[in-house]
Amino acid sequence: MNRTIQPKYSRIDTIDIQQAKVITLSNGIKVYTIDAGDNDILKVDFVFDAGTKYQDKSLIASTTNSLMQEGTINYNSEQIAEKFDFYGAFWNRFIDRDFAGFTLYTLTKYDKETLEIAREIIFEPAFIDKELETYLIKQKQQFEIEQTKVNTLARNKYTQVVFGEEHIYGKVAKLKDFDLITKEDLIQFHKTYYETSEFQIFISGKISDQVLEDIEQLFGSAKKTKQLKKAFEPIQPSSEKRFFVQKDDAVQASIRIGKASINKHHRDYPGFNVLSTILGGYFGSRLITNIREDKGYTYGIYSVLHSLKEAGNFAIMTEVGNEVSQEAVKEIYFEIDRLKTEFVPEEELQLVKNYMMGDLLRSFDGPFAISESVRSMVDYGLNYDYFSNFITEIKNIDSKRIMELANTYFEEDSFYEVVVGNKQE
Amino acid sequence: MIEFDRFELDNKLKVIVHEDKTSPLVAVNLLYDIGAKDENPEMTGFAHLFEHLMFGGSKNIPSYDTPLQQAAGENNAFTNNDYTNYYLTIPKSNIETGLWLESDRMLELAFTQKSLDVQKQVVIEEFKQRYLNQPYGDTWLHLRPLVYKEHPYQWPTIGKDISHIENANLDDVKDFFFKHYAPNNANLCLSGNINLTEAKELTNKWFGDIPARQIKARNLPVEPKQTEARFLQVEKNVPFDLIFKAYHMPRRRSANFHNLDLISDVLSNGKSARLFQRLVKEKKLFSDLNAYLTGELECGLLIVTGKLIKGINIQDADAAIQEELLIMTKELVSDYELQKVKNKVEATLLYNDSNILNKAMSLSFYELLGDANLINQEINKYQKVTKEDILKESQQLFQASNCSTMYYLAKN
């Protein structure tokens, strides 16, 4: 047995993509179901077009999303918590710039009890003053703590600089914004974006017919209207490109280098993803190999092409030793430039392809993962061709194309750079 | 029920196999019985530094990550005070790559100065990123020596001090490897799309020729019973005060563990739990407050910790916590409340069960405790806990003499 030779392995050629069964409720609401798995558990996601981009005032979208579960017409906050806890259910909320909603994990046998509470939370929240008060105190404290972290400061500055301080994607909340929130704001936001508008339901796990009946009974009757498409301002990136934010006691500097970019709808998206993975999307990436494994400047560095509905965001992120922040920045640009001028060696490209196929394989492994993948497609109004195209692109892309993409998207001087650290004199 | 098989190789490597055909992957979990507690007090942070070095290449394989990624594998590792755990998931067709990699680095690491120098830097950055550059990040650096006076749990996994990491040399590293990394000091769990026959064949093929080693005997100082309340106050550049109360509890394997776990659940598991409802929502003393078990194998802790609302006097907040704990020692919990926490635990175990990697880690963990089949006894043990058990256990636990309190105060 020769331990110096890797055992034979095969490339992932195809990925078994289990498609969701789509059920339309009486009121037109679509339910995407993935019936799989051995355990009698369910994950139910309720997804609304209720992200922060829709708010007229800072923090309204997230506060509404948070307060909904703190009391409904029939149950106060404690009772809701009691019920979920008693049935061994978990209720999570989520919100980003585009979407907001809730996820319920429940034992299949208690689906009716827990979905009833879900329905109440979504359609009949009570927005109680006392709860709002408690929530704001807690949030303000958390906000203050976050503001002491270099990576929060870097992320916020970066967002403002790349998208524009007033842009839906660039806006960052300030402490005083918490005091401007009123109950009316929340009621109004809820009415427009949760109570009357269309939404999607994703169910995964062991789905019995009873579950589907319960869903129809609880969510299928209220009249839903399609939301009017809102028009959003274009991005307004800063005219300055490089920013340094001083933080006196920082022992590490937080670095963000990137720019607004393409999203899932763009034909270059899969290819750019491959490029981003080579640069900083996995542990053997150019950035990790150089800046962590060779220089030891950091515990972690990576790049990501993040898709949003109205734009995309390509960013490189890391926290490095304060004394080496300038060197780290230099090395980041060095790696970016290399991809524009040197072909990626075939072996490395193949490794990244294998890695990405493995990643895709995992995103279709098990009902919960499959459901998330389906959601990522439905959120953008795409169909399963999105995945097959992505896979084809990964398999077929060559070094020439990678270099083309690098030259298209990594233009000279097109990046914004934010460093938050302690400039020692 | 998690069905599994167990066998041992001649070199005493324990192997556990759990077949789950619904996944296209296999999870490989390798647990070494070596943690921060086994370190020399002058050379702490070593077990964790070593975890990093395990990725620097082994005797026959210069790079761990590259061939794994070629085979579409993904991996990670963690170290704690008790053990070091390496895990990967990989498509079924490529399982041999996973076993080849893990077995070669069990056989022998490629000890290089460069690897050591770089990983020291990386770990130092990790120390800064997680413990020094975060508000409240250094909490455990203060709390551990307060709670543990003799036992090696007194230093955190990252190390007592950055200088210990800076001073690590190659000879120390080699020594550490041969004294602690061996088939007879580990267990391997394969979970997912693999059957017993395949597992036997492949583990024998790749791990069979690794010699058993003389493992440094574990002879840890025993933590003497705490006989009076302890207190520490620190002042830091943070926005809000933080309080910590730590209570000693028996070892993980003790018969009382499940009672204690449910005590922490009654106090703090979920938003309907007592501490949250009474001290966060009603009395508005804290912006968040939690009780949890550290779960350490030898002598763990039940921790109560929370961030105070600005303006609240920390002694008042402390007293409020103590009042809730006193109630646990004086009044039986209701049948409803007990049923609720049991339901929650059962559901959580079921949710965790749905993931081949979680199953692999759990099976390895329980094997470390002495019997992988403990995984199937958990629900039963929780169900057997009575209100009286909880009362009795609380009375033992929540004594002032068993408590170490830390006030982590905001400067000004």
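Student: Quick one to start: is Glu323(B) buried, exposed or partly exposed?

Tutor: Glu323(B) counts as partly exposed, at 41% relative accessibility. Keep in mind that this is a predicted model.

Student: OK, and which side chain does Glu323(B) meet in a salt bridge?

Tutor: That would be Lys283(B), with N to O at 4.0 Å. The pair links distant parts of the chain, 40 residues apart. Glu323(B) sits in helix α11 (residues 314-330) of chain B, while Lys283(B) is in the loop between α10 (274-282) and β9 (286-293) of chain B.

Student: And how accessible is Lys283(B)?

Tutor: Lys283(B) is partly exposed too, with a relative accessible area of 40%.

Student: Are Arg3(A) and Asp104(B) buried or exposed?

Tutor: Both Arg3(A) and Asp104(B) are buried. Arg267(A) is exposed, at 67% relative accessible area, whereas Asp268(A) is buried, at 9%.

Student: Nice. Which residues are linked with Glu70(A) in a network of salt bridges?

Tutor: Glu131(A), Lys271(B) and Lys281(B) are linked with Glu70(A) in that network.

Student: Switching topic: what is the strand order in the open sheet of chain A?

Tutor: Its six strands run β1-β2-β6-β3-β5-β4, and the pairing is mixed. β1 (21-24) and β4 (90-95) stand at the edges with a single partner strand each, so one side of each has no neighbour in the sheet. On average, neighbouring strands are turned by 20° against each other, direction ignored.

Student: In what sense do β3 and β6 of chain A pair?

Tutor: Antiparallel, over seven bridges, with β3 covering residues 41-48 and β6 residues 199-205. To find your way there, look for Asp45(A), which stands opposite Phe202(A) in β6(A).

Student: Last one: which strands does helix α12 of chain A lie across?

Tutor: Helix α12 (residues 367-378) lies across β2 (30-35), β3, β4, β5 (100-107) and β6 of chain A. The helix runs at about 160° to β6(A).

Technical notes. Residues are numbered from 1 along each chain as its sequence is written. Chains are lettered from A and ligands numbered from 1 in the order in which they are written. This is a predicted model: local features need pLDDT of at least 70, side-chain atom pairs count only at pLDDT 80 or more; totals for chains, interfaces and linings use all residues. Side-chain values use heavy atoms; hydrogens and water are left out. Two strands pair if DSSP finds at least two bridges between them. Helices (H or I, at least four residues) and strands (E, at least two) are DSSP runs, numbered from the N terminus. Axes are lines fitted to C-alpha atoms, for helices over the stretch in contact, and angles run from 0 to 180 degrees between N-to-C directions. Contact means heavy atoms within 4.5 Å. Buried means under 20% relative accessible area, exposed over 50%, partly exposed in between (1.4 Å probe, protein chains only).
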